[in-house]
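Please look through the sequence and the model shown here. The text below takes the ligand surroundings to begin with and then turns to helix packing.

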Amino acid sequence: MDLVALEETLAAHGEPAYREAQVWAWAAGGAGSYEEMTNVPSSLRAALAREVPLSTLLLEHEAHARDGTVKALFRTGDGHPVEAVLIRYRDGRRSICVSSQSGCPLTCTFCATGAMRFGRNLTASEILDQALHFRRLEPVDNCVFMGMGEPMLNLDHVLGAARRLPDLGITHRRTTISTVGWLPGLRRFAREVGEPIRLALSLHAADPALRSRLMPVNDRYPLGEVLAECRRYVELRGRRVFVEYVMLAGVNDSPEHALQLALVLDSKAFKVNLIPYNPTGRFDGSSREAIAAFKGVLDRARIPATVRLTRGRDIAAACGQLAAAPGVAAVRRPSEPRAVSARPETRRRGRDARRSHT
Ligand code: SAH
């Protein structure tokens, strides 16, 4: 729901200030229509239904995985694709993964979103509407900003959305913002944000040259400075930073790489999450054995580490696979060497059963 339009419309109808909170409370509780908002006068409900659509996003496609994961593809009012995922865990937890941008201007080489055309930043309402879509299906209790886009490039809108998530049942401690280490946003987030929202850093390689090869953003904001800012966050908030590390066979997954990682981290400030690679065309995923050996090195160095559970295998809803498919093939930059080889990959996604969600 466009919360700015809601406020303006209520003001134009001469409604008292508390109406906005009333309408929002219904929406945050999962109401599927204005008709359900029984403490709002019926003439006003009808006016709102005409003037402020319940969502700023149009649902274009929804895919359901066998493990219960749901991926939704939306369009913004001006036609940009947005994807979000609901992950249902066996222990009852319900986590949603939302996008902060349509596409992403960064070009991490292993990520499908990085290869599609960047659209624009999403508004706080567009981010919340992804969450509300799933909230209408069932209660949700966890949110990760790990969909399309780089949240620290759109921090105001990301925070605007995150601050309202508790109304949906998602506390700040169960909200995680993930970043490649975009320093201007990260600095603000570490130093200025009061809420206990969690931080995750996509690290992927401790060696500077390798990290730059995988994530060109590393040339601009070197890992050392980024880790220093993460430590600042830990000091100020008293919470560990999650480190995301995608396991690429023969690229960043050797015991030596694990040792390099252990040397730049410390056990009090960081917790590593090893991510099995979800195929997007260019790399191969590490074997189970390689992942176990990598984790063994971290264990011996006493760096807390877990291996991320892979979910949504059959619907391309996994980490790094959000590229607005099926229905809308990812648009690749003409200069991208992947453009040709990645096409069949994109087309296959809709019906293939080999993908995974994390
Ligand atoms: N731009 C932010 C938010 C996106 S989070 C960030 O990068 O942190 C998406 C997470 O999935 C990141 O940790 C990213 O590195 C990871 N990822 C990207 N492509 C992936 C792939 N193909 N397989 C597994 N994880 C991937």
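**Ligand contacts and helix packing**

In this predicted model, a polar atom in the side chain of glutamate 150 sits 3.0 Å from a nitrogen atom of the ligand. An oxygen atom of the ligand lies 2.9 Å from a side-chain N or O atom of glutamate 244. Threonine 179 takes part through its backbone: one of its backbone N or O atoms is 3.4 Å from an oxygen atom of the ligand. In total, 22 residues surround the ligand. Glu244 is among the closest of them, together with Ser178, Ser202, His204 and Asn278.

The next topic is how the helices pack. Two packed helices are described by the angle between their axes and the distance between the axes.

Helix 2 spans residues 18-28, and its axis comes within 9 Å of the axis of helix 4, with a crossing angle of roughly 55 degrees. Helix 2 is therefore oblique to helix 4. On the helix 2 side the contact is made by Trp24, Ala27 and Ala28, and on the helix 4 side by Leu128, Leu132 and Arg135. Sorted by class, this contact between helix 2 and helix 4 has five nonpolar residues, no polar ones and one charged residue.

Helix 4, residues 124-137, also packs with helix 5, residues 155-162. Here the angle is about 45 degrees and the axes are 8 Å apart. This angle makes helix 4 oblique to helix 5, and the crossing of the two is right-handed. Ala124, Ile127 and Leu128 of helix 4 meet His157, Val158, Gly160 and Ala161 of helix 5. The contact of helix 4 with helix 5 has five nonpolar and two polar residues, and no charged ones.

Which arrangement do helix 6 and helix 9 have? The axes of helix 6 (residues 183-192) and helix 9 (residues 223-237) come within 9 Å and cross at roughly 15 degrees. Because of that angle, helix 6 is roughly parallel to helix 9. Their crossing is left-handed. From helix 6, the residues in contact are Leu183, Leu186, Arg187, Phe189, Ala190 and Arg191. They meet Glu225, Val226, Glu229, Cys230, Arg232, Tyr233, Leu236 and Arg237 of helix 9. By class, the contact of helix 6 with helix 9 has eight nonpolar residues, six charged residues and no polar ones.

Methods:
Residues are numbered from 1 along each chain as its sequence is written. This is a predicted model: local features need pLDDT of at least 70, side-chain atom pairs count only at pLDDT 80 or more; totals for chains, interfaces and linings use all residues. Side-chain values use heavy atoms; hydrogens and water are left out. Axes are lines fitted to C-alpha atoms, for helices over the stretch in contact, and angles run from 0 to 180 degrees between N-to-C directions. Helices (H or I, at least four residues) and strands (E, at least two) are DSSP runs, numbered from the N terminus. Angles under 35 degrees count as roughly parallel, over 145 as roughly antiparallel, 65 to 115 as roughly perpendicular and the rest as oblique. A crossing is left-handed if the near helix is turned anticlockwise from the far one by less than a right angle, and right-handed if clockwise. Contact means heavy atoms within 4.5 Å. Ala, Val, Leu, Ile, Met, Phe, Trp, Tyr, Cys and Pro count as nonpolar, Asp, Glu, Lys and Arg as charged, and the others, Gly among them, as polar. A residue is near a molecule or strand if one of its heavy atoms lies within 4 Å of it. A polar contact is a pair of N or O atoms within 3.5 Å; within protein, one must be able to donate a hydrogen and the other to accept it, and residues adjacent in sequence count only if both atoms are side-chain atoms.
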